[in-house]
Amino acid sequence: MNRPEKVCDLHLHSFYSDGSLSPTEIASRGKKAGLAAISITDHDTLAGQNEALQAAKDHTVEVLPGIEFSVMIDKKEIHILGYLIDISNREITGCCDGLEEARRERAVRIVEKLRGLGLDISMDEVSALSGLGTIGRLHIARILLSGGYISNIQEAFIKYLGDGKAAFVPRKILSLTDATGVIRRAGGVAVWAHPGSAIRSTGMIRKILDAGISGIEAYHPNHTPDITRDILATSEKYDLVCTGGSDFHFTEAMKADIGGVYIEYGVVARLKELAGDI
């Protein structure tokens, strides 16, 4: 199947959250991959968006302002992407500031638990690795990997950081309506990220729709062809825009490189139409 002439990767993470590359590096690699547009959707932060927009000019690739929030529905965590948001909107920037502080407090407690298990890891190391970005469990996992305590990133979550594991600490999380509401009030479009098999839950879909979701991420490295087909059918049934992207973070945990999963550029036009309607 031939690749369309204009494609975009609308799910990318920089070192302002838990990725390894700067927005400038991502834009450069996106241009080399032949992408017409990208969106850096860092977790709970807009800190990298100004750099991303400047990189768009330097590398002549379009950048859609973006973000990714985690929410909880029926004890299940799902993720909500926000596209074309006003990055100067005070409500959403204030929301991000609160989530960033909660992430740091959580990281301190996780490090304390790991040290109690005999692992020689410090908060200084975690802070240095996260740099300008918001701290997440992936940063801690990478410290554990570099220290030789685990053999791969996944093992960190299986042994220590996953739900119910020895160093797990729950974190502050938005409600679904809080996430979609703040995205919409900031002028953006809310999209259900990588729904996976949850797309087959009628109850989940109803709650998502009631919260004001305008799209679903159909194309993602974790989706099987069957799941993608189910998502496409759901999007058609409810007139939702289908997005997609590589969900690139860093090479050690890469399932798809930048541009390795893409969506046709027409999706960007549809998102812009939806943002204009909100």
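Which residues are buried in helix α4 (residues 123-130)? In this predicted model, the buried residues of α4 include Met-123, Val-126 and Ser-130.

**Helix α4**

- Met-123, Val-126 and Ser-130 of α4 are buried; they lie on the same side of the helix, because they cover an arc of only 60° around its axis.
- As a general rule, an α-helix has 3.6 residues a turn, so residues three or four places apart point the same way.
- Asp-124 and Ala-128 are exposed, and they sit on the face of α4 turned away from its buried side.
- The cover over the buried residues of α4 includes α3 (90-116) and α5 (137-146).
- Gly-131, which comes just after α4, has a positive phi of about 60°.

**Helix α1 and its packing against α2**

- Within α1, the residues Pro-23, Ile-26, Ala-27, Ser-28 and Gly-30 are buried.
- These buried residues of α1 pack against β1 (7-12), β2 (35-40) and α2.
- Two packed helices are described by the angle between their axes and the distance between the axes.
- For α1 (residues 23-32) and α2 (residues 49-59), the axes come within 8 Å and cross at roughly 35°.
- The crossing in which α1 passes α2 is right-handed.
- On the α1 side, the contact is made by Pro-23, Thr-24, Ala-27, Ser-28 and Lys-31, while α2 contributes Glu-51, Ala-52, Ala-55 and His-59.
- Sorted by class, the residues in this contact are 4 nonpolar, 3 polar and 2 charged.

**The nonpolar cores**

- In soluble globular proteins, nonpolar side chains tend to be buried together.
- The largest nonpolar core has 34 residues, of which Phe-69, Ile-80, Trp-192 and Ile-208 touch the most other members.
- At least two residues of this core come from each of β4 (66-73), β5 (76-83), α3, α7 (176-185), β6 (189-193), α8 (202-210), β7 (215-219) and α9 (225-238).
- Another core, of 22 residues, lies apart from the largest one, and its members include Leu-119, Ile-140, Ile-150 and Ala-167.
- Beyond its neighbours within four places in sequence, Phe-69 is in contact with residues including Ile-78, Ile-80, Ile-92, Leu-99, Leu-174 and Val-182.
- Asp-44 and His-79 are also among the contacts of Phe-69.

**Thr-243, a buried residue in a strand**

- Thr-243 belongs to strand β8 (residues 241-244).
- With a relative accessible area of 0%, Thr-243 counts as buried, because the cut-off for that term is under 20%.
- Thr-243 and Ile-263 are 20 residues apart along the chain, and their C-alpha atoms are separated by 6.4 Å.
- Ile-263 is one of the residues in contact with Thr-243, neighbours within four places in sequence being left aside; others include Tyr-83, Val-191, Ile-216 and Leu-271.

**Ser-14, a buried residue in a loop**

- Ser-14 is found in the loop between β1 and α1.
- Ser-14 is likewise buried, with a relative accessible area of 0%.
- Leaving aside neighbours within four places in sequence, Ser-14 is in contact with Gly-19, Leu-21, Ser-22, Pro-23, Ile-26, Ile-40 and Asp-42.
- Two of these residues, Pro-23 and Ile-26, are among the buried residues of α1.
- The C-alpha atoms of Ser-14 and Met-72, which are 58 residues apart along the chain, are separated by 24 Å.

How values were computed:
Residues are numbered from 1 along each chain as its sequence is written. This is a predicted model: local features need pLDDT of at least 70, side-chain atom pairs count only at pLDDT 80 or more; totals for chains, interfaces and linings use all residues. Side-chain values use heavy atoms; hydrogens and water are left out. Axes are lines fitted to C-alpha atoms, for helices over the stretch in contact, and angles run from 0 to 180 degrees between N-to-C directions. Helices (H or I, at least four residues) and strands (E, at least two) are DSSP runs, numbered from the N terminus. A crossing is left-handed if the near helix is turned anticlockwise from the far one by less than a right angle, and right-handed if clockwise. Contact means heavy atoms within 4.5 Å. Ala, Val, Leu, Ile, Met, Phe, Trp, Tyr, Cys and Pro count as nonpolar, Asp, Glu, Lys and Arg as charged, and the others, Gly among them, as polar. Buried means under 20% relative accessible area, exposed over 50%, partly exposed in between (1.4 Å probe, protein chains only). The arc is that of the directions from the helix axis to the C-beta atoms. A nonpolar core is a set of buried Ala, Val, Leu, Ile, Met, Phe, Trp, Tyr and Cys residues joined through side-chain atoms within 4.5 Å.
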